[in-house]
Amino acid sequence: MTQDAVDQRKVLIAPSLLAADFANLAEELQAVEKAGADLIHLDVMDGRFVPNITFGPGLVKSVRKTTRLPLDVHLMIENPAKFAPRFIEAGADYITVHLEACPHLHRQIQAIKELGAKAGVSLNPHNPPFLLDEILGEIDLVLLMSVNPGFGGQKFIEQTLNKISAVRSIIDEYDYECVIEVDGGINNITGEKCVKAGANILVAGSYIFNSPDYGQAIGALKE
């Protein structure tokens, strides 16, 4: 697995595979990699934690064979402790779990790291950033949802910007190595706002995969 540390000074782009053409998945992966993507974001949904179902470790394993980019696996599922090891075995470089789904979050983070992956924690839009205070020093990534999880193509929630700034302040104050990723409603306009607020990684699905030029879309986000 690729385990390179994220450069805090760079804006990284993680195309969300959920918006890709699954009938031509290998070609889509090759296209976004060539276009300048930095990670591949995979949204795993179970139809219980969120009202949608996507895919499991089998697809992650196939994607791992197709791209050299780090795989950023976002578990929007109940009981992530049970399934995280299978996704790591399939090739995930990052495993992000939801704070809302983990009654023993610290233990889950430790387990992910012990299996060799980087550990992330995601926060739904309605939850305040102070819930992350006790875990920021232990994790590699914070994923702030800027839409309600479960479906692509939603409108960006502007309040997320305040949340990004609040988390950035804590990370900088204590010199944590954790990076901030934002997912939901990202385009060249909302992406710029997120970066100015302190985000490091932008997850974009429809904005990239619905664009006639993946390189141009990714370049606009990085600018």
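This is a predicted model: local features need pLDDT of at least 70, side-chain atom pairs count only at pLDDT 80 or more; totals for chains, interfaces and linings use all residues.

Biologist: What is the strand order in the open sheet?

Modeller: The eight strands run β1-β8-β7-β6-β5-β4-β3-β2, with parallel pairing; strands are DSSP runs of E of at least two residues, helices runs of H or I of at least four, numbered from the N terminus. Two strands pair if DSSP finds at least two bridges between them.

Biologist: Which are the edge strands?

Modeller: They are β1 (12-15) and β2, each pairing on one side only.

Biologist: Where is D38?

Modeller: D38 sits in the loop between α1 (25-34) and β2 (40-45).

Biologist: Which side chain does the side chain of D38 make a polar contact with?

Modeller: That of K222, at 3.2 Å. A polar contact is a pair of N or O atoms within 3.5 Å; within protein, one must be able to donate a hydrogen and the other to accept it, and residues adjacent in sequence count only if both atoms are side-chain atoms. The D38 side chain also reaches the backbone nitrogen of I13 at 2.8 Å.

Biologist: Which residues touch the most other members of the largest nonpolar core?

Modeller: L42, I95 and L132, out of 63 residues. Such a core is a set of buried (under 20% relative accessible area, 1.4 Å probe, protein chains only) Ala, Val, Leu, Ile, Met, Phe, Trp, Tyr and Cys residues joined through side-chain atoms within 4.5 Å. Helix α5 (residues 160-174) gives the most to this core, with five residues.

Conventions
Residues are numbered from 1 along each chain as its sequence is written. Side-chain values use heavy atoms; hydrogens and water are left out. Buried means under 20% relative accessible area, exposed over 50%, partly exposed in between (1.4 Å probe, protein chains only).
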